[in-house]
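Can you help me learn to read a protein structure, one feature at a time? Let's look at it together.

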Amino acid sequence: NHAERREGHAVAVPLHQPGGQIGVGGGSHFGPGVRAKVLEVLDQLITGVPLESKEGETIGVAEYGSLSGRSLQLMQPILTKFLAKAHPDVAVRQEGEGAKTRGDFFSLLKHHSAEEEPCKVSFSVVHEDGPQADFRPLMQQLDNASISSLNPVWQAQSQPQLANQVYSSFVSRPFASRDAPPSTVHMGLSLMDLHWSHTPPNPAVSLSTTADAELTAFLSTRAHEFKQGGVLVLGFIARSEEGRSSVSGTASPAKQPTDLWTVLTNTLAPCIQRLVSCGMLKSDVARHMLSLPLHPRTAKQTLAVLESQQHAWDVEWSCGLGQSGPNTTGEGAGQPSEPDPVRLPHPAWIALQAGTLSRVAFAEHMIQLFKNLYESHFRQLLRSRLSKGAVEFVLDSLFDILHSRIDDQDISPIKGVELEVCLCALRRR
């Protein structure tokens, strides 16, 4: 588990759980589906970003909430497309092709022609997260992963070459702080971070109200950093109107639910109740355990915030805001908006159905899903009441009970269940 980002107080829920769904580097249960949808519209989004087309121009790219984000694997495609835009007469190598070894890198340097056109742009890639962020795992990924924009082989294969043209920086600041100078960011991404709460919990303020205020503050701050015509891609967990209460643990039994949060609640609640019955957990603590510091937004809630920011941002494309039809703010025809959110089944369930994953391995995937979402929240909640050893004993017992419950079920609780994700691309006015 990643180190917790901030310390809470009393029985308050933690402000944010780093890597809750994804972890550093973009690999998670649902990450590939989110990135694939963004890649569908990447060309049209970057086409509409104006460049000065002058020697020495710096193109700013920002990743907000980088320790929870799913953006790392998108950086090579993004930089490649900006490179093609800055050098329209040069055939730019397609990302993901070519040499993969360090030996190939030295071979590329040896055969690099002195007459090759030099790169006239450089890239400033900012990775942002909260005040307690530990960027070391992310830095290690950037230094070693083949998908990294700092990968020397990939940089050497780019045309023009990108060696010494990509500069990464790490910004550790409170939520909605300004992280870059005014009008310096051409493209930014916040994928799978904005559904988490980033501000101290207030019992008098609902999660819905807090989520609206945080998204408003985030967009207002980002407007100062982005160049006119720059594009900001947002992705966060969504929910339909009928599933509004499921995250808080008040889901009502009905027909076979397809809402992920209802399923998780219905599966976990009896396990927590068993700990209460055994005297291992106080009921006043148990009632807080299903209330994650997380607020999946409805389309109506998101649209209300976007309307309040329409002086600064245009919605160029969306998936899950109830809007459909062609893009009306960008240049030319592009990928049409889709009214429904991206719906992502759990890959482990698909593999189980296909016969490529055993039932035992599937159960382990399910336990990991629960741990990714809840374990940090549980641990911080229990710390105020129990010793460190007692906290670990309670958590081990809880996940043992959960494992038994999952093993005993003939039909998986996530059969037919999908995670709903809203995506939208905003263009700076």
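Q: What should I know before I start?

A: This is a predicted model, where local features need pLDDT of at least 70, side-chain atom pairs count only at pLDDT 80 or more, and totals for chains, interfaces and linings use all residues. Residues are numbered from 1 along each chain as its sequence is written, and side-chain values use heavy atoms, leaving out hydrogens and water.

Q: What is the mean pLDDT of the protein chain?

A: pLDDT is the predictor's confidence in each residue, from 0 to 100. Here the chain's mean is 83, and 80% of its residues reach 70 or more. Residues 111-115 fall below 50, and that stretch has 1 contact (heavy atoms within 4.5 Å) in the model beyond near neighbours in sequence. Residues 250-254 are also below 50, with 5 such contacts. Where pLDDT is low, the predicted coordinates should not be read in detail.

Q: How many disulfides does the structure hold?

A: A disulfide is a covalent bond between the sulfur atoms of two cysteines. The cut-off used is a pair of cysteine sulfur atoms within 2.5 Å. This structure holds 0 of them. Take Cys422: the closest cysteine sulfur, in Cys424, is 5.1 Å from its own, too far for a bond.

Q: Is Cys422 buried or exposed?

A: Buried means under 20% relative accessible area, exposed over 50%, and partly exposed in between (1.4 Å probe, protein chains only). Cys422 is buried, at 1%.

Q: Which residues of helix 9 are buried?

A: Helices (H or I, at least four residues) and strands (E, at least two) are DSSP runs, numbered from the N terminus. An α-helix has 3.6 residues a turn, so residues three or four places apart point the same way. In helix 9 (residues 299-308), the buried ones are Gln301, Thr302, Val305 and Leu306. They sit on the same side of the helix because they cover an arc of only 130° around its axis (taken from the directions from the helix axis to the C-beta atoms). The face turned away carries exposed Lys300 and Glu307.

Q: What covers the buried residues of helix 9?

A: The cover includes helix 6 (207-225), strand 5 (226-237), strand 6 (313-319) and strand 8 (418-428).

Q: Which residues does His403 contact, leaving aside neighbours within four places in sequence?

A: His403, in helix 12 (residues 388-408), is in contact with Ala363, Glu364 and Ile367. Ile367 is 36 residues from His403 along the chain, yet their C-alpha atoms are separated by 6.7 Å.
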